[in-house]
Amino acid sequence: MKKLVNLFTLFFCVCVHSVTQEINLGHIYTYITQTPVVEQRQVLTNEEIATLNVSDLPSVLEACGIQILSYGPYGLEQKPSIRGFTDETVRVVIDGFCVNNAQYGTFDFSTINTDDIEKIEIVRGGFTEGVSDEGAVGGVIYITTKKQTLGWHIFSDSFIKSYFNLAQPADTFGESAGINGQLSDSLFLKINGKATFAENKFLYINYRNNRAERKNADVIDGNFSAALQKFFGNGNSLSFSNIFYGGKKNTPGSEKSLQVGLQKDYDNNFSIQLVMPETSGKKIKLENGLNWLCNNRFYDQNTQHSEHYVNTIKYSLSADFYGSSFFKEICGFTFDYTHLDSTDDGLHHQFSGTLKTTSIINIQSEDKKNLFSVSVPLAFKFCNNNMAFTPKLGLGLKTPVADIFIDGYRMVQFPNMDDLYWDDGIFKGNPDLIPESGWGGDLSVNFHNDVLPLSLSVFTNYYENKIQWSSETNSPQNIASAFYFGVDFRFQKSFWEERLLINGSGEYLYTKLLDKSQITYGKKIMFTPDFVASLSAALKLNDFNFVIDGSYVGKRYISNLNITYLEPYFLLNASAQMKIECDKFNLTPYLRLDNILNWDYESVPDYPMPGISGTLGIKIQFN
């Protein structure tokens, strides 16, 4: 640990920090921005993310009112749940490429560096107008990495974290650093890196109601990303980017388990993108993309050792046709090839892809403002022998009082490779699984109210053929069906010339299982709370920022039998930072407190979560 402290101190002293800003380069960035017409998106900007001073993406999503199913602190498995859907039904898209793992459908949020995120856009539900991904059921999390900037910028973000455990007062150390700038007038380079050393030793109340220390949960990981982008006239550009992640994670298992695991992850995301925004007199925008997604995992538990190699090649082509202000057409094609070599799954090949088109009609007023919009996304999906057609329809009406949106969509989720091929001698996959499917609809109203701007959505879904692993057959089956009904709301209000900003969001969800089994028919879906909510207040006073945020997760049953449940919990967090300007550099020290109320809670049963913790860090910007 002393070596880690010395390493952290060295980084702390020699690194400098600069906050990149999105800019319009005139002759370089001239393309038409693709903005949703009917689709509802919750947007979190780089500036808002920076003021939270968090080290991982799930903490950002919690601040947006999204439930996170967590199996422990930093580095361990964390899954977002949107409208009662989780795992692969929530898609994660980074710079236009879906990064969900083909083997088990999820995404490891440790692999993305929050300091390299320009903005996050969250879509709730299965209605998506864009063509960058077509596979969402519960929702999509779009992540856009930072753009290149004029001039050179060198930056760092160093922090130390404590769970106030007297036996381990300094628990986690982190360093994020990078450089970006211009190699020439039209050639841009961006490099970022991050390293984290987390002991994850925190105190909690165990199942015997005794105070215990969580052990065997330490994580050492690192993230490195680089991007090279060349502009060659009229906004056309060719970019090469790569994100590498390596992590060594001790997985302690549930608190009642004596089995301790060691998980090693090595992920790589390499992409090439060609963007031609001014084809045919600015009426067509073309994007070509080639992506290699590599996920390698090695797992040891007692005498068991397994290796999993997943390599996916993705190709995407999209075209936006701007015929007039009245009509717009978006077309896209994706093709994926996945090679799986796994100890438990065997050797397999998978071909999948989508063909999607979205037609958008806008009726505008004399001042060119949209009054009425119609959006018709149509998609054809395939995955090996499985095929599906997913039609959607969105209507938008703008009035002086409110904007009204009505969406209807079909949802389809193909089984992942674990569901099809898993075989560890006890549990066995089912190659005869059929896709999960259903229908959904939203009614959303964005009220134009100066007192309290409010967005309200009422949604419902019917979902069938849900894949569940059966304890009777030790294999997955298409046995679950369910009805969903809920209400989403979001509001934002600023005071004192936007010096104080209040954000709030929440979701009420009613679920009813319609399984063929009489034991679970009519029950609620496990791990699905009836209510989740978040509230934050951000105060900006010149160079001082203060943010306090709270998130609530309601009662959750731990099985579909609805017998035992997890208690609701409320997390209160706060962050403060101050910018100190010097001649050649700026310092931004910050302090963050998580779970200030020291709430004893579990996100999933028998996996204790940390109590109160404090993070002290500093960002340094070189002028």
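I looked up the second largest cavity and found about 120 Å³ of space in it. I used this meaning of cavity: on a 1 Å grid over the protein atoms alone, a set of points where a 1.4 Å probe fits but cannot get out, with lining residues having an atom within 4 Å of a point. Volume is the space filled by probe spheres set on the points, which are joined across faces, edges and corners.

This is a predicted model, where local features need pLDDT of at least 70 and side-chain atom pairs count only at pLDDT 80 or more, while totals for chains, interfaces and linings use all residues. Residues are numbered from 1 along each chain as its sequence is written, and side-chain values use heavy atoms, with hydrogens and water left out.

I listed the lining of the second largest cavity: 13 residues, with Q40, R83, V123, R124 and D442 nearest its centre. Strand β6 gives the largest share, three residues. Strands here are DSSP runs of E, at least two residues, numbered from the N terminus. I sorted this lining by class and got three nonpolar, three polar and seven charged residues. Nonpolar covers Ala, Val, Leu, Ile, Met, Phe, Trp, Tyr, Cys and Pro; charged covers Asp, Glu, Lys and Arg; the others, Gly among them, are polar.

Next I checked the largest cavity. It holds about 550 Å³. Its lining has 31 residues, and R91, C98, K314, D336 and S352 lie nearest the centre. By class I noted eight nonpolar, 16 polar and seven charged.

Last, I looked at strand β2 (residues 67-70). Q67 and L69 on one side and I68 and S70 on the other are all buried, meaning under 20% relative accessible area with a 1.4 Å probe, protein chains only.

Notes: Buried means under 20% relative accessible area, exposed over 50%, partly exposed in between (1.4 Å probe, protein chains only). Helices (H or I, at least four residues) and strands (E, at least two) are DSSP runs, numbered from the N terminus. On a 1 Å grid over the protein atoms alone, a cavity is a set of points where a 1.4 Å probe fits but cannot get out, and a pocket is an open set with protein on both sides within 12 Å along at least five of seven lines; lining residues have an atom within 4 Å of a point.
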